Amino acid sequence: MDSLIRVAVVGAAGRMGSQVCRAVEAADDLELVGRFDVDDDLRDLGGADVVVEFSVPSASPDNVAHCVGQGVDVVVGTTGWDEERLARLEQQIADSGHDVGVLIAPNFAVGAVLMMRFAEQAARFYESVEIIELHHPNKVDAPSGTAARTARLVAAARRSAGLGDVPDATTDDPDGARGARVDGIPVHSVRLRGLVAHQEVVLGTEGETLTLRHDSFDRVSFMPGVLAAVRAVGDHPGLTVGLENVLDL
Ligand SMILES: NC(=O)C1=CN([C@@H]2O[C@H](COP(=O)(O)OP(=O)(O)OC[C@H]3O[C@@H](n4cnc5c(N)ncnc54)[C@H](OP(=O)(O)O)[C@@H]3O)[C@@H](O)[C@H]2O)C=CC1
Ligand SMILES: O=C(O)C1=N[C@H](C(=O)O)C[C@H](O)C1
């Protein structure tokens, strides 16, 4: 048998991190060599080949930079990776002197990746589009990373097709009822006890609508994608954004 991939988890005490630790321990080809959480010194990362990072948006860039500096590949699920952060990370990878791979995905559920792809494909056929993301009330960031990425993909597809702004006659909205705009696409965030992670992309044109919906009812839904990324990241030096890059989509 090939040697085991040694994996450390950062954010290991969290909802996702603890689930990842269980998934790694259950996989025959992986070995869990480190659990790190807030205030832990990451140092040599327990001798890991790959770090899985699920912490908080404010801490993730420093954690990932530490891994890159150590020459350790990283799979990142934490949200908050905007263009500026991604550009800084790309530079850190280039400056590190290591042939290191970092794979960042806003959503590791296969269905969510497909939903984003389908929304991108559908975008050019519809004048209107809005995104509704629904999550558990302990989530600290809004809109979700998945919604933000979906909006950017849809907006880019609309631009390529020559579509203009989504139609909206609203002139009076003192309480922000029309939601946020991400790259021009309306995004609405719901936080509700009982939910895990859900998203609808609603597209509309004259006489018809199309609704794409994905539901993660349990965090186990993210694990096949996380483990696929752990196994693949070593073959993807540099920065990769999106699980679709290792799913052959
Ligand atoms: N890509 C994907 O598929 C998914 C992404 N996510 C994203 O993953 C992230 C984590 O989500 P979730 O697990 O629900 O959140 P949790 O709050 O449950 O877990 C985060 C963990 O990170 C810890 N932490 C805080 N600061 C640091 C630090 N500096 N270094 C290391 N650990 C730290 C927290 O500790 P403490 O609580 O003490 O602060 C906590 O234990 C979020 O950004 C979320 O949006 C979530 C689900 C799927
Ligand atoms: O915080 C969560 O729970 C989730 N975060 C990610 C996001 O912001 O898109 C992925 C998934 O939606 C669950």
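**Entry 1: a rule to start with.** I call a residue buried if 20 or more other C-beta atoms lie within 10 Å of its own, exposed if 12 or fewer, and partly exposed in between. I also note at once that this is a predicted model.

G145 sits in helix α5. Setting aside neighbours within four places in sequence, I found G145 in contact with T79 and P106.

**Entry 2: the whole chain.** I looked up the secondary structure and found 6 helices and 11 strands in the protein chain. Along its principal axes, the C-alpha trace spans about 60 × 40 × 35 Å. Does the radius of gyration fit, I wondered, so I checked: a compact globule of 249 residues would have one near 18 Å, and the 19 Å of the protein chain agrees with that. Of the 249 residues, 37% count as buried. I also looked at contacts between residues at least 6 apart in sequence, and 73% of these join residues at least 24 apart.

**Entry 3: two domains.** The domain assignment gives domain 1 as 5-104 + 220-245 and domain 2 as 110-217. Their centres, taken over C-alpha atoms, are separated by 27 Å. Where the two touch, 10 residues of domain 1 are in contact with 8 residues of domain 2. I sorted the domain 1 side of this contact by class and got 5 nonpolar, 4 polar and 1 charged residues.

UniProt, in an unreviewed entry, lists residues 5-108 as "domain: Dihydrodipicolinate reductase N-terminal". I found that span to be 34% helix and 24% strand, with its end C-alpha atoms 19 Å apart.

**Entry 4: around ligand 2.** Which residues surround ligand 2? I listed T79, P106, N107, H135, K139, S144, G145, T146 and A197. By class, this shell has 2 nonpolar, 6 polar and 1 charged residues. I was pleased to meet G145 again here, along with T79 and P106, the residues I had noted as its contacts.

Entry 5: The unreviewed UniProt entry gives H136, G145 and T146 under "binding site". Is H136 buried, exposed or in between? It has 14 other C-beta atoms within 10 Å, so H136 is partly exposed. Leaving aside neighbours within four places in sequence, H136 is in contact with L195 and V196.

- The peptide bond from A142 to P143 is cis, with omega near -5 degrees.
- L45 has a positive phi, near 60 degrees, and is not a glycine. I found L45 in the loop between β2 (30-36) and β3 (50-53). With 23 other C-beta atoms within 10 Å, L45 is buried.
- D183, also not a glycine, has a positive phi near 50 degrees. D183 lies in the loop between β7 (180-182) and β8 (185-191). I counted 14 C-beta neighbours inside 10 Å, so D183 is partly exposed.

How values were computed:
Residues are numbered from 1 along each chain as its sequence is written. Chains are lettered from A and ligands numbered from 1 in the order in which they are written. This is a predicted model: local features need pLDDT of at least 70, side-chain atom pairs count only at pLDDT 80 or more; totals for chains, interfaces and linings use all residues. Helices (H or I, at least four residues) and strands (E, at least two) are DSSP runs, numbered from the N terminus. The radius of gyration is taken over C-alpha atoms; the globule rule is 2.2 Å times the number of residues to the power 0.38. Two residues are in contact if their C-beta atoms, placed from the backbone, lie within 7 Å. A residue is near a molecule or strand if its C-beta atom, placed from the backbone, lies within 6 Å of it. Ala, Val, Leu, Ile, Met, Phe, Trp, Tyr, Cys and Pro count as nonpolar, Asp, Glu, Lys and Arg as charged, and the others, Gly among them, as polar. UniProt positions are given in the numbering used here, feature names are shortened, and annotations may be inferred rather than shown by experiment. Domain bounds come from an automatic or database domain assignment.
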